[in-house]
Amino acid sequence: MACHCCSTVDPAKETPSPASPYTIHTSQLFDSSKLEVLSDISIRVNPATSLIEAVYKRTSPLGSQVPAGDVDLRGKFVMPGFVDAHTHIFLHSYWETPSAQQKRDESFVERIIRAVNHCRTALLAGYTTYRDLGSESMQEADANVRDAVNRGLMLGPRLFVATKVLASTASYEPRNENHLGGTRLPAGGDAADGCDEIRKAVRRRIGAGADIIKFYADYRRRIMRAPPKQQHPYVAGIRFPNSNDNPDSLVYSAEEMDMIVREAEMADAPAAAHAITKQGILLAVRAGALTIEHGYFCDEECFREMKARGTLLVPTLAIAERMHAHRFGAIKDMVKMAHEMGVKLACGGDTGTFNHGENAREMELMVEAGVPVLDVLAACTLGGWEACGGPRCGKRFGCIEEGASADLVALEGDPTTDITALRRVEFVMKDAQVYKVGGRVKEDAT
Ligand SMILES: [Zn+2]
């Protein structure tokens, strides 16, 4: 990769003219809008605009060689680039280092460098878009990483970021028990209570560059009653906890949630709600949140309301598998019910709490839950675009259509018959730029 930052010459004169349009030829193409696999489709992309210019069915056979400059993806399963709709770029697996220790012990620089690595790993795993829901005590650095990707300084998915999350006072922050000398773990939220403060907090997030407003409808905010060991470094767990020591309780009232969504919509930004309890889910849905994150206690009533309002469910099965193993069967049944009732789904693993690059686990688990595989592929493409805000994104992705961003992946194997193909990503294109070809990083990928 050429270094442009220390160049003294006029960069405009140095920049090579963008490559001219070329065509990608496929034999199996997943259409995320029609939920069909189409044969013999060719796609014309334009690197100068980053867009798909044309999609057409070939009427005459191509022969064994495609025209010079074109890309031959025949024999592969081609689909829109994956969208992970719930990620945290600054986190690595909790099973390597618990959350509070990452926030307390890792330097700002280390966490940035980790994020650069995570973004590269994600892109090469086929994830061309990340919806990153909270910077996890890294202030607004997620917006800066987004911009670095968009400026071509590093490899990574297109990022939609939330910066700091909104929660009411003392509801969400990582906590410890030693406050002597003002010892606190770095805050991750923008604490705000009541409509006036909430209005200001949403405006601060918008001003700081947030694409999405993330708020907590409920959380384990009584955690200091009986601090569990894993979340609190050097703190022993409680020997005989009560069954109600660490419940999920409402973080905001209905009036406050309404204000969050209304204020976000004034800036044309979608709101994403962390909501686990039925009460939290219903209040967030009625307030107009675009997505429910986790939603582990959704029931028929929640789904009826979500369907009526077009709310998406991002069930984060990949983290539930690890954190809620005791009722994981019930959570999978809930996802199946959501699908059967016609609730829109997006695939988001809460990736980062387990390692980036393992993102496809969410799709695998959605299939295991009983959602048909083509619907899962749609949830991980078009569903992701909708979760990012749909038309509010300012561009279309997650589909292969004229005018959409040219984001494509090619898999070795057919995931409709062999789900392990989702992990065999041979080719990655984002914005009409190729980053991976023949299963390897393209050498001049910038
Ligand atoms: Zn999360």
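# Notebook: a zinc site and a few loop residues

I began with Asp350, which sits in the loop between strand 17 and helix 11. A reminder to myself: this is a predicted model.

**Entry 1, Asp350.** I looked up the backbone and found a positive phi of about 65°, although Asp350 is not a glycine. Buried or exposed, I wondered, is Asp350? The relative accessibility is 8%, and since buried means under 20%, Asp350 counts as buried.

Which residues coordinate the zinc ion? I found His86 through NE2, His88 through NE2 and Asp350 through OD, at 2.1 to 2.3 Å. I wrote the spacing of these donor residues in sequence as H-x1-H-x261-D. His86 belongs to strand 6 (residues 82–87), while Asp350 is in the loop between strand 17 (344–345) and helix 11 (361–369), so the pair ties together parts that are 264 residues apart in sequence. I also checked the burial of this pair: both His86 and Asp350 are buried.

I turned to another residue with a positive phi that is not glycine: Thr163, with phi near 55°. I placed Thr163 in the loop between strand 8 (158–161) and strand 9 (165–167). Its relative accessibility is 0%, so Thr163 counts as buried.

Where does Ile276 lie? I found Ile276 in the loop between strand 14 (271–275) and helix 7 (278–287). Ile276 has 8% relative accessibility and therefore counts as buried. Then I went through the contacts, setting aside residues up to four places away in sequence: Ile276 touches Asp218, Asp248, Ile281, His294, Gly295, Tyr296 and Phe297. I also took one distance, from Ile276 to Tyr219: these two are 57 residues apart along the chain, and their C-alpha atoms are separated by 7.8 Å.

My next stop was Thr416, in the loop between strand 18 (408–411) and strand 19 (425–430). With a relative accessible area of 31%, Thr416 is partly exposed. Which residues is Thr416 in contact with, leaving aside neighbours within four places in sequence? I noted Val37, Phe77, Val373 and Leu374. For Thr416 and Met323, I read 93 residues apart in sequence and 28 Å apart in space, C-alpha to C-alpha.

Stepping back, I counted 13 helices and 21 strands in the protein chain. Does the radius of gyration point towards or away from a compact globule? For 446 residues such a globule would have a value near 22 Å, and the protein chain has 22 Å, so the two agree. Along its principal axes, I found that the C-alpha trace spans about 70 × 55 × 40 Å.

The accessible surface of the protein chain comes to about 19,000 Å², with 51% of it belonging to carbon and sulfur atoms.

Last, I looked up how the charges are placed. The protein chain has 52 positive and 59 negative charges, and I found their mean positions 2 Å apart.

Note on methods. Residues are numbered from 1 along each chain as its sequence is written. This is a predicted model: local features need pLDDT of at least 70, side-chain atom pairs count only at pLDDT 80 or more; totals for chains, interfaces and linings use all residues. Side-chain values use heavy atoms; hydrogens and water are left out. Helices (H or I, at least four residues) and strands (E, at least two) are DSSP runs, numbered from the N terminus. The radius of gyration is taken over C-alpha atoms; the globule rule is 2.2 Å times the number of residues to the power 0.38. Accessible areas come from the Shrake-Rupley method with a 1.4 Å probe; for residues, only the protein chains shown count as cover. Lys and Arg count as positive and Asp and Glu as negative; His and the chain ends are not counted. The place of a charge is taken as NZ of Lys, CZ of Arg, CG of Asp or CD of Glu. Donors are N, O and S atoms within 2.8 Å of the metal (3.2 Å for Na, K and Ca); water is not among the atoms, so sites may look incomplete. Buried means under 20% relative accessible area, exposed over 50%, partly exposed in between (1.4 Å probe, protein chains only). Contact means heavy atoms within 4.5 Å.
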